[in-house]
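Please look over this structure with me. My notes follow, point by point.

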Amino acid sequence: MPSYGVLLHAALETARISVPTVYDALVGRTDYSACSRRLDEWSRRLVAHAQVNIITHGEEHIHPARSYVVVSNHQSNYDIPVLFQGLKLPLRMVAKTELFRIPVFG
């Protein structure tokens with residue numbers, strides 16, 4: 001289990017990218033490249049701070065021009081940042097409807 005310092009850092013990093021992204025969405029200027037840049041920076045910082053080593057195999061089979069469905073088993077709080085950094089592809093998430101009922105998050 002990650003230490004409280006690592007968890008606090010993750011929460012602060014998440015807030016750091018979430019606040020401007022939510023603001024951009026509220027004022028109608030959400031930008032795909034800005035979101036991708038923020039997510040890459042967020043995941044890179046989390047992985048580095050938690051000192052996670054990522055080893056990938058089969059990168060030669062990934063074609064950037066193609067679309068993929070990537071499934072994570074969520075055995076770790078770091079599945080998502082590791083996927084962002086390990087695959088080095090722009091990723092977007094799918095969420096179940098119930099999650100959007102949570103205030104602020106939704």
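**Notes on the helices**

1. In helix H1, the buried residues are Val6, His9, Ala10, Glu13, Ile17 and Asp24. Buried means under 20% relative accessible area, exposed means over 50%, and partly exposed lies in between (1.4 Å probe, protein chains only). Helices are DSSP runs of H or I with at least four residues, numbered from the N terminus.

2. A word on the source. This is a predicted model, where local features need pLDDT of at least 70, side-chain atom pairs count only at pLDDT 80 or more, and totals for chains, interfaces and linings use all residues. Residues are numbered from 1 along each chain as its sequence is written, and side-chain values use heavy atoms, leaving out hydrogens and water.

3. What do the buried residues of H1 pack against? They pack against H2. Contact here means heavy atoms within 4.5 Å.

4. H1 covers residues 4–26, which is 23 residues. From first C-alpha to last, H1 reaches 32 Å, close to the 33 Å expected at 1.5 Å a residue. The expected span is 1.5 Å times one less than the number of residues. Gly28 follows H1, with a positive phi near 80°.

5. Val22 sits in helix H1. Val22 counts as partly exposed because its relative accessibility is 45%.

6. Now H3, residues 79–87. Its buried residues are Asp79, Pro81, Phe84, Gln85 and Gly86. Helix H2 (32–49) is included in what covers them. Lys88 follows H3, and the phi of Lys88 is positive, near 55°.

How values were computed. Helix = DSSP H or I, 4+ residues; strand = E, 2+ residues; numbered from the N terminus.
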